[in-house]
Amino acid sequence: MEFDKVEPGPLLANINSPADLKKLDPNQLVEVCDELRDYIIETVSIHGGHFGASLGVVEMTVALHYVYDTPKDLLIWDVGHQAYGHKILTGRRENFYTNRKYGGLSGFPKRSESEYDTFGVGHSSTSISAALGMAVSRDLSDEDKKVVAVIGDGAMTAGLAFEAMNNAGAMNSDLLVILNDNCMSIDPNVGALKEYLTDITTSKTFNKVRDEIYDMLGHFKSAGEKMRKVASRLEKAVTTAITPGGLFQALGFKYYGPVDGHNVDTMRKHLEDLKDIPGPKLLHAVTVKGKGFAPAEREQTKWHAQSSPFDKITGKSLAPEKKGPKIPRYQHIFGDAIVELAEEDERIVGITPAMPSGSSLWPLMNTFPDRAFDVGIAEQHSITFAAGLAAEGKKPFAAIYSSFLQRAYDQVIHDVAIQNLPVVFCIDRAGIAGADGPTHHGLYDISYLRAVPNMIISSPLNEQELRDMMYTASKYEDDAWAIRYPRGEATGMDFRKEFQSMEIGKGECIREGEDVAVLSFGPMGNYVIEALDDLEEEGINAGHLNMRFAKPLDTQLIKQVCQTYRHIITIEDGTKLGGFGSAVAEFLADKPYHIPVTIMGVPDRIVEHGTQRELHDEVGIGPDGIKEQVRKVLKTYSLNA
Ligand SMILES: Cc1ncc(C[n+]2csc(CCOP(=O)(O)OP(=O)(O)O)c2C)c(N)n1
Ligand SMILES: CC(=O)[C@@H](O)[C@H](O)COP(=O)(O)O
Ligand SMILES: [Mg+2]
């Protein structure tokens, strides 16, 4: 893959660490930014990855590493999808072409990857909490270092960010938060905070007055300690008076901004000033997501990330055209089905915490704008909000990624399950997620939801079953219902347009066999079909049951299996601990069948990034792994001698 490496510009070629960057004259930084931006564009155009966010913080990244003494000073990126420039400047340029690939660099900052990555990320809104922890640790150990968190306007909408601000403001620890405001989450940012920030950035009078005051204070500050104190007091009084609402100041932060985040010189000067101002402070930088790449500036959601190659000038896709009909992704099956269901049932509402494109809630938002809600990056709130809707007779479908639902576990238990409210959880990105890696794999939902009473847990084999599960769940009033499905394309089958009710807790026999039965949960069943077809050619006839439900289990079917076969293999795209296979084994534990159960799933370790197929194969749940397991079982029991 060496030939896919990108040639850096002449300045960037000599920057192998921030120390090299610091050797440059400040007036060379604009050129460094241009080269860094080109490097990101060209690399992502070949290898894919997150895109717009890193382009938007090029100047900020260069200024931060120029002014601060990293890694001694601690730089914490929120989410981390914007940290490509940071990676390139901190010794990883040569390997950057491996970004997000199996065995390559992680797409997010990661402590084990570099001493410059002070905190592992992937999920949003953690940066201020982590930064505060580090700042307090510094103070306790009497160390001399600065702590800077960079958080986006989208990430700032989460409760966690405000919990941290609330705490930090009161602790008065020396800490800088840079609010990177580009008015975008993945989709356009939403909510009252967004309006508030827009008010600040668009108020001409405020900005003019603020700039004049900032200049004046700058002069004061260079005039000695006494004047600095006066300036500081004046600054607080003036900014409190003229900042609309003073939200951040009310939380105990000194507010600075808004500043142009694309002027590297301005950014550098602001950071140099702020370095000397103690206590919690927030610098509000205004940037453009996708800056410097016209297609990405125009269509910011589309260019949040790119998975296939594109022309580095025009943005035109260079992916080979796929032959045959386009296969929909599971999220699109969900997105269409919920509109069809909502047309028939006016109680149905849809909720997404900031992922209307990713979860495909847009079709419902466009068709029934009053009945579909993007609540911002606020997973906890999204679930309690859904519970409130259900409490008043609505039928909420909460569309949420498996790994993001982890954030709302208490809400699932406390607000939904204990009150037995019939919320439908449409859990996308369940199972191995792929290139995003461990933070985004949805490996735990079966286990953590199984433990919760009043909860049905199902997973479709294909698009037909997803539609029918959604339909059946929409009519069901007794319990909450979780439907999990993976990232990516469905099977491409011709599915029936009409919905059909499914019997809750009932699986189906897909293939009769002998000796070994494979019980699959969800789309993993398609790997099983492929594997067992291959094994048939070797003369091995294993049975296959598509179980559909992890809770309630189809115990009748399992009993029949026990009477017909000598060994059960279960398979799921999730952790083996406490998952679907465990449910089968628990059921059989006190039954007199004495049948061994082999659980196939993700082992109890962190699975890194790569393609879904690479990772399924790595952990042994791809078709080859299934074949191997069946052969192994047959060999162990000498059943196929
Ligand atoms: C807890 C959590 N929820 C949702 C996401 C998905 N997500 C990743 S980036 C992003 C948008 C973040 O917006 P912002 O912080 O403003 O950064 P920008 O991309 O605009 O630079 C979202 C919703 C996530 N990573 N973590
Ligand atoms: C950083 C982040 O959390 C998102 O950008 C995520 O990578 C999206 O994942 P999908 O591509 O599966 O929607
Ligand atoms: Mg943003």
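Tutor: Gladly! Let us start with pairing: two strands pair if DSSP finds at least two bridges between them. Keep in mind that this is a predicted model.

Student: What makes β4 and β6 a pair?

Tutor: The cut-off is at least two bridges, and seven bridges join strand β4 (residues 175–181) to β6. As one example of a bridge, N180 has A285 in β6 as its partner.

Student: And which sense of pairing links β5 and β6?

Tutor: Strand β5 (residues 254–260) pairs with β6 in the parallel sense, over five bridges. Here D260 has V286 of β6 as its bridge partner.

Student: Why is β6 called largely enclosed?

Tutor: A residue is buried if 20 or more other C-beta atoms lie within 10 Å of its own. Six of the seven residues of β6 (residues 280–286) are buried, so the strand is largely enclosed by the rest of the structure.

Student: How do you know that helix α4 is mostly covered?

Tutor: By the burial test again: in α4 (residues 58–67), 10 of its 10 residues are buried. Among them are V58, E59, H65 and Y66.

Student: What makes the bond between T70 and P71 a cis peptide bond?

Tutor: Look at omega, which is about 5° for the bond that joins T70 and P71. P71 sits in the loop between α4 and β2 (74–77). The bond from G257 to P258 is also cis, with omega near -5°, and P258 is part of strand β5.

Student: Is D153 buried or exposed, and how do you know?

Tutor: The threshold for buried is 20 or more other C-beta atoms within 10 Å. D153 has 24, so D153 is buried. Its place is the loop between β3 (147–152) and α7 (159–171). UniProt, in an unreviewed entry, places the feature "binding site" at D153 and N182.

Student: Why do you say that those positions gather at one spot?

Tutor: They span 30 residues in sequence, yet no two of their C-alpha atoms are more than 6.8 Å apart, so they gather at one spot.

Student: What about S127: buried or exposed?

Tutor: S127 has 29 other C-beta atoms within 10 Å, so S127 is buried. This residue belongs to helix α6 (residues 127–140).

Student: Why is N420 called partly exposed?

Tutor: Partly exposed lies between the limits of 12 or fewer for exposed and 20 or more for buried. N420 has 14 other C-beta atoms within 10 Å, so N420 is partly exposed. N420 is in the loop between α18 (409–417) and β11 (424–428), and its phi is near 50°, a positive value in a residue other than glycine.

Student: And what makes H594 count as exposed?

Tutor: The limit for exposed is 12 or fewer. H594 has 8 C-beta neighbours inside 10 Å, so H594 counts as exposed. H594 too has a positive phi, about 50°, although it is not a glycine, and its loop runs between α23 (580–589) and β19 (597–602).

Student: Why is ligand 1 said to lie between two domains?

Tutor: Domain 1 (2–201 + 245–305) and domain 3 (330–484) both give residues to the shell, so ligand 1 lies between them. Of the 22 residues around ligand 1, A53, S124, G152, G154 and A155 come nearest. By class, that shell has eight nonpolar, 10 polar and four charged residues.

Technical notes:
Residues numbered from 1 in each chain as written. Chains lettered and ligands numbered in written order. Predicted model: local features only at pLDDT ≥ 70, side-chain atom pairs only at ≥ 80, totals over all residues. Near = placed C-beta within 6 Å. Nonpolar A, V, L, I, M, F, W, Y, C, P; charged D, E, K, R; others polar. Domains from an automatic or database assignment. UniProt positions renumbered as here; feature names shortened; annotations may be inferred. Helix = DSSP H or I, 4+ residues; strand = E, 2+ residues; numbered from the N terminus.
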